[in-house]
Amino acid sequence: GRKAETHAPPQGAHVKASMLRYSLRALRRNWRAGELKVLAAALVIAVASITSVGFFTDRVRLAMSQQAAELLAADLVVAAGQAQPAEWEQHAQDLRLRTARTTSFPSVVLAGDTAQLVDVKAVSAAYPLRGALRVADEPFGAERVARGIPAPGTVWVDERLLGVLGLRVGGAIELGAVRFGIAQVITFEPDRGGNLFNYAPRLLMNSADLERTRLLGPGSRVSHGLLLAGPPEALASARAWIEARLREGERVLDVRDARPELKTALERAEKFLGLAALVSVVLAGVAVATAARRYSARHLDGAAVMRCLGASQAFISRLHFLEMLWLGLGASLTGCVIGFGAQEVLAQLQAQGFGTPVQPDDG
């Protein structure tokens, strides 16, 4: 009769399964014997140091960028001599970005018979998107963070303007066709900073009053700003979309473009943080190489015995490769967890030591 056929598994698949099982048994045996503990410790320390320094430097870099953005009152500003189309702002809002508008121009205010040149800025309700306005109830008085912007019909002015006009908070000035009450004294304005060329005193008003002043018309020296703030991915998308539609005289600015004095400082800080991460990688590599060399030297005799018993060089190479693969995966996962926890500790220590947290704002 016909013999029954047997279907044995393919030899290649059988060898691969045996190799995996043998590599796991070898890993367990060498671990119990203490052969791999030094190498595993070196790998864990290496990965933990790299991840902790990497996470922390990225966190510091992002926090520095956002704190620098406070000097721009936003992450991005679209600057132009004419108002930006409403669809630009709507597109940014569709990307879940926060938006605000500013309109700046020089003008003259009147207080009785006294006239004074001022630098007027009309702002929308969300201004500023980064940083904070600080105001006081009287010149050189105790300052506080402002809540919102000037109410319609009122203005906030800096101390110089009150001194020149001889007024106090509660007084009134005329700007264009409107008479405004002085509600607060501006002590700090994020996007004005320490610009030495701001000769004219600042006057801050609500953009809802701008049309009533009748100051803007053909030929006016006015600068319009569309302010954007939010996650980096959404900002990049909005910037690319807007830059493709820019008209003559319009620019998209970030803190590096709008505040050149910060560009060098930020670049140097990023180079230093990158160097710190690179040093950790080099030191970790040295530790792993030293431990791996010691492990290899201790297993030369075992590999020689296996060759004498008929094992091929390819078999021995694959065996040690798989054993190191399992060890590397376990040590890397453990190191990542430790490194993530370590960077949180570093952030807390930095906040306690310098009083400035490195917790970036996701908004």
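Helix α10 (residues 313-354) is where G339 is found; helices here are DSSP runs of H or I with at least four residues, strands are runs of E with at least two, and both are numbered from the N terminus. The model is a predicted one, in which local features need pLDDT of at least 70 and side-chain atom pairs count only at pLDDT 80 or more, while totals for chains, interfaces and linings use all residues. Residues are numbered from 1 along each chain as its sequence is written, and side-chain values use heavy atoms, with hydrogens and water left out.

With a relative accessibility of 0%, G339 counts as buried, a label given to residues under 20% relative accessible area, whereas exposed means over 50% and partly exposed lies in between (1.4 Å probe, protein chains only). G339 and V47 are separated by 292 residues in sequence, yet their C-alpha atoms are 7.3 Å apart in space. When neighbours within four places in sequence are left aside, G339 is in contact (heavy atoms within 4.5 Å) with A48, T51, S52 and F55.

The wider chain gives this pairing its setting. The protein chain holds 10 helices and 11 strands, and 39% of its 363 residues are buried. Of the contacts in the protein chain with a separation of 6 or more, 76% are between residues 24 or more positions apart. The chain exposes about 20800 Å², and carbon and sulfur atoms supply 59% of that area; accessible areas come from the Shrake-Rupley method with a 1.4 Å probe, and for residues only the protein chains shown count as cover.

T99 is buried, because its relative accessible area is 9%. The side chain of T99 makes a polar contact of 3.0 Å with the side chain of E89; such a contact is a pair of N or O atoms within 3.5 Å, where, within protein, one must be able to donate a hydrogen and the other to accept it, and residues adjacent in sequence count only if both atoms are side-chain atoms. A polar contact of 3.0 Å also links the side chains of T99 and Q93. Beyond residues up to four places away in sequence, T99 touches E89, A92, Q93, A126, L129, L227 and L228.

T103 is likewise buried, with a relative accessible area of 9%. Its side chain makes a polar contact with the side chain of H224, at 3.5 Å.

On the surface, a nonpolar patch is formed by I50, L275, L278, V279, V281, V282, L283 and V286, which together have about 680 Å² of accessible area. Patches are made of residues with over 30% relative accessible area and no salt bridge, with like charges joined within 9 Å and nonpolar side chains (Val, Leu, Ile, Met, Phe, Trp, Tyr) within 5 Å. A salt bridge, in turn, is a side-chain nitrogen of Lys or Arg within 4 Å of a carboxyl oxygen of Asp or Glu. Helix α8 (residues 260-298) contributes the largest share of the nonpolar patch, 7 residues. V282 lies in helix α8 and counts as partly exposed, because its relative accessibility is 46%.

Most residues other than glycine have a negative phi, and most peptide bonds are trans. Y127 and P128 are joined by a cis peptide bond with omega of about -10 degrees, and P128 sits in the loop between β3 (114-123) and β4 (134-136). F140, in the loop between β4 and β5 (144-145), has a positive phi near 60 degrees although F140 is a residue other than glycine. F140 is exposed, with a relative accessible area of 73%. R214 also has a positive phi, of about 60 degrees, and is not a glycine. The loop between α5 (210-213) and β10 (223-229) holds R214, which counts as exposed at 71% relative accessibility.

Finally, the cysteines. A search of the whole structure finds 0 disulfides, defined as pairs of cysteine sulfur atoms within 2.5 Å. C308 is exposed, with a relative accessible area of 71%, and C336 counts as partly exposed at 35% relative accessibility.
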